[in-house]
Amino acid sequence: MASSAVGPEQVKLLLAACRDAKEFAYCPYSNYPVGAALLTSDGKIFSGCNVENACYPLGVCAERTAIQKAVSEGHTKFRAIAVICNSRELYATPCGSCRQVLREFGKYWDIYLAKADGTYIQKTLEDLLPFSFGPEDLKEV
Ligand code: THU
């Protein structure tokens with residue numbers, strides 16, 4: 001199933017928002033700043049950065065920061081997320097835990113994976129986490 005297309009202007013806005021969010025990354029341990037920006041079905045953008053902790057396992061990824069900001073303000077329908085890191089060579093890509101957290105909100109929405117210079121590739125959640133487990137699996141048959 002194809003995901004609903006996000007217009008080029010919205011992709012630009014998402015990329016700008018995730019790049020801005022990356023500036024706030026709190027990552028003194030990894031020195032690997034990440035920014036993410038989510039587009040809701042009604043056109044709002046929620047961004048987030050990674051927030052690390054001296055107790056290392058408590059650090060949170062940028063994608064989950066953005067999801068928690070959006071959900072805690074009443075938004076659970078998403079069309080796209082963009083993620084950016086500082087690499088000039090590799091596209092930012094969500095960790096396994098973030099893929100599962102994103103999957104909670106659907107399989108067929110767009111993920112834009114960007115490099116530091118803003119070049120990106122487009123994937124869907126299904127591309128990143130095929131044959132996934134989600135809310136539908138908990139329904140009684
Ligand atoms: N990180 C993210 O925020 N998102 C990703 O997509 C991958 C990894 C963070 C977690 C940690 O703060 C740092 O990057 C290094 O793993």
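Trainee: Which residues is His-75 in contact with, leaving aside its neighbours within four places in sequence?
Mentor: In this predicted model, His-75 is in contact with Thr-40, Asp-42, Lys-44, Phe-46 and Ala-70. Here, contact means heavy atoms within 4.5 Å. His-75 lies in the loop between helix 2 and strand 3.

Trainee: Why is His-75 called buried?
Mentor: The relative accessible area of His-75 is 13%, and buried means under 20%. His-75 therefore counts as buried.

Trainee: Gly-59 also lies in a loop, the one between strand 2 and helix 2. Is Gly-59 buried, partly exposed or exposed, and how do you know?
Mentor: Gly-59 has a relative accessible area of 27%. Not counting residues up to four places away in sequence, Gly-59 touches Val-51, Glu-52 and Asn-53.

Trainee: What class does Asp-20 fall in, and why?
Mentor: Asp-20 has 47% relative accessibility. That value is between the limits of 20% and 50%, so Asp-20 counts as partly exposed. Its place is in helix 1 (residues 8–22). From C-alpha to C-alpha, Asp-20 and Ser-47 are 8.6 Å apart in space and 27 residues apart in sequence.

Trainee: Asp-110 is in strand 4. Does Asp-110 count as buried or exposed, and how do you know?
Mentor: Asp-110 has 1% relative accessibility. The cut-off for buried is under 20%, so Asp-110 counts as buried. The C-alpha atoms of Asp-110 and Cys-55 are separated by 33 Å, and these residues are 55 apart along the chain.

Trainee: What makes the phi of Asn-31 worth a remark?
Mentor: Most residues other than glycine have a negative phi. Asn-31 is not a glycine, yet has a positive phi of about 50 degrees. Asn-31 is found in the loop between helix 1 and strand 1. At 61% relative accessibility against a limit of over 50%, Asn-31 counts as exposed.

Trainee: What is the phi of Phe-131, and why is Phe-131 called exposed?
Mentor: The phi of Phe-131 is near 50 degrees, a positive value in a residue other than glycine. Phe-131 is found in the segment after helix 4. Its relative accessibility is 84% and exposed means over 50%, so Phe-131 counts as exposed.

Trainee: How many residues are in the largest nonpolar core, and which have the most contacts inside it?
Mentor: The largest nonpolar core has 20 residues. Those with the most contacts inside the core are Leu-38, Phe-78, Ile-81, Leu-102, Trp-109, Ile-111 and Leu-125. Strand 1 (34–40), helix 2 (62–71), strand 3 (78–85), strand 4 (110–114) and helix 4 (125–128) each give two or more residues to this core. Apart from this core lies another, of 13 residues, among them Val-11, Cys-18, Ala-82 and Ala-114. As for Leu-125, its contacts beyond four places in sequence are Arg-99, Leu-102, Arg-103, Gly-106, Lys-107, Trp-109 and Ile-111.

Trainee: Which residues of helix 2 are buried, and what covers them?
Mentor: The buried residues of helix 2 are Ala-62, Glu-63, Thr-65, Ala-66, Ile-67 and Ala-70. Their cover includes strand 1, strand 2 (45–49), strand 3 and helix 3 (96–103).

Trainee: What lines the largest pocket?
Mentor: The lining has 19 residues, of which Tyr-32, Val-34, Asn-50, Glu-52 and Cys-61 lie nearest the centre of the pocket. By class, the lining divides into 12 nonpolar, five polar and two charged residues. The volume of this pocket is about 240 Å³.

Trainee: How do you know whether the radius of gyration of the protein agrees with that of a compact globule?
Mentor: A compact globule of 141 residues would have a radius of gyration near 14 Å. The protein has 14 Å, so the value agrees. Its C-alpha atoms fill a box of roughly 45 × 35 × 30 Å along the principal axes. Of the 141 residues, 42% count as buried. Among contacts between residues at least 6 apart in sequence, 61% join residues at least 24 apart.

Trainee: In what order do the elements run from the N terminus on?
Mentor: The order is α-β-β-α-β-α-β-β-α, with four helices and five strands in the protein.

How values were computed. Residues are numbered from 1 along each chain as its sequence is written. This is a predicted model: local features need pLDDT of at least 70, side-chain atom pairs count only at pLDDT 80 or more; totals for chains, interfaces and linings use all residues. Side-chain values use heavy atoms; hydrogens and water are left out. A nonpolar core is a set of buried Ala, Val, Leu, Ile, Met, Phe, Trp, Tyr and Cys residues joined through side-chain atoms within 4.5 Å. Buried means under 20% relative accessible area, exposed over 50%, partly exposed in between (1.4 Å probe, protein chains only). On a 1 Å grid over the protein atoms alone, a cavity is a set of points where a 1.4 Å probe fits but cannot get out, and a pocket is an open set with protein on both sides within 12 Å along at least five of seven lines; lining residues have an atom within 4 Å of a point. Grid points are joined across faces, edges and corners, and a volume is the space filled by probe spheres set on the points. Ala, Val, Leu, Ile, Met, Phe, Trp, Tyr, Cys and Pro count as nonpolar, Asp, Glu, Lys and Arg as charged, and the others, Gly among them, as polar. The radius of gyration is taken over C-alpha atoms; the globule rule is 2.2 Å times the number of residues to the power 0.38.
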